[in-house]
Amino acid sequence: MSALMLLYLLSTPYVAETALQKLEKPPALHSFDTVQAIVILASGTYFNAPEYGGNTVNRLGLERIRYAARLHRLTNKPMLATGGSPLGGDSSEAAQMKAALEKEFQVPVKWVEENSRNTRENAYKSFAMLKKDGISRIALVTHAWHMPRASREFERAGFEVIPAATAYTTRYKTDVFAFIPTADALQKSNWLLHEIIGILWYRLMPAPHPA
């Protein structure tokens, strides 16, 4: 009975969205003009996309690159895409983001970090790449619910991070449908649990020293 109740709660939009919002900090009210570069984190691959003729960025990645493109147009800062191929495939997630940004958003990507397998490696491998150009102050683009874990890792790697979160968890209104289980709510609960476990894991596991 307890397991069924927990499943019900995690499957309801009201509970899942309210819990996920606890991870999301409001957007910082500062200018991005002082950053030296924009760093965008990959979020997975849309494998064998028939309409695109192969692997491309997934829907979460599209939310991130849309906002990264907006930041670039506002600031004209150079961009780094970071993400390897943790699930395999013929191209890295960073390369997929670069292709979408340049071909569909007409936004150039200056650096591509293609060897990382997780958020921690995103941070340290990106720092090793950007420090060669004297870059340490960045706007970090990822989902709002992923930002606490991501910004902490990038700061530990050596960056000064200006959070550039996107895709906040919002709700149009609270009505009876907010308490009816949905697959979308269960997906949001999955993101929540993934982040909580990731935060705890990274705190327990020692991070490498910045290169």
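The model is a predicted one.

Pockets come first. The largest pocket takes up a volume of about 670 Å³, and 28 residues make up its lining. Nearest the centre of this pocket sit Ala 42, Ser 43, Thr 119, Arg 149 and His 194. Three helices each put at least two residues into the lining of the largest pocket: H3 (59-75), H5 (119-130) and H7 (183-204). H7 is the top contributor, giving eight residues.

Now for the rings. Two numbers do the describing for any aromatic pair, namely the distance of the centres and the angle of the planes. The model has four aromatic pairs. One of them joins Phe 127 and Phe 159 edge-to-face, with 5.1 Å from centre to centre and 90° between the planes. This pair links distant parts of the chain, 32 residues apart: Phe 127 belongs to helix H5, while Phe 159 is in the loop between H6 and E7. Phe 127 has a relative accessibility of 12%, so it counts as buried, the cut-off being under 20%. Phe 159 is buried as well, at 5% relative accessible area.

Trp 145 and Trp 191 also pair up, this time stacked, with centres 4.9 Å apart and 15° between the planes. Trp 145 lies in the loop between strand E6 (137-143) and H6, and Trp 191 lies in helix H7, so the pair ties together parts that are 46 residues apart in sequence. Both tryptophans are buried: the relative accessible area of Trp 145 is 7%, and Trp 191 has a relative accessibility of 14%.

Beyond these pairs, Phe 127 turns up again in an aromatic cluster, together with Phe 154 and Phe 159. There is also a charge over a ring: Arg 120 lies over the face of Tyr 202, at 4.4 Å from the ring centre.

Key:
Residues numbered from 1 in each chain as written. Predicted model: local features only at pLDDT ≥ 70, side-chain atom pairs only at ≥ 80, totals over all residues. Heavy atoms only, no water. 1 Å grid on protein atoms, 1.4 Å probe; cavity = no way out; pocket = protein on both sides within 12 Å on 5 of 7 lines; lining within 4 Å. Points joined across faces, edges and corners; volume = space filled by probe spheres on them. Helix = DSSP H or I, 4+ residues; strand = E, 2+ residues; numbered from the N terminus. Phe/Tyr/Trp six-rings, centres within 6.5 Å; stacked < 30°, edge-to-face > 60°. Buried < 20%, exposed > 50% of the residue type's maximum accessible area, 1.4 Å probe, protein only. Lys NZ or Arg CZ within 6 Å of the ring centre and 35° of its normal.
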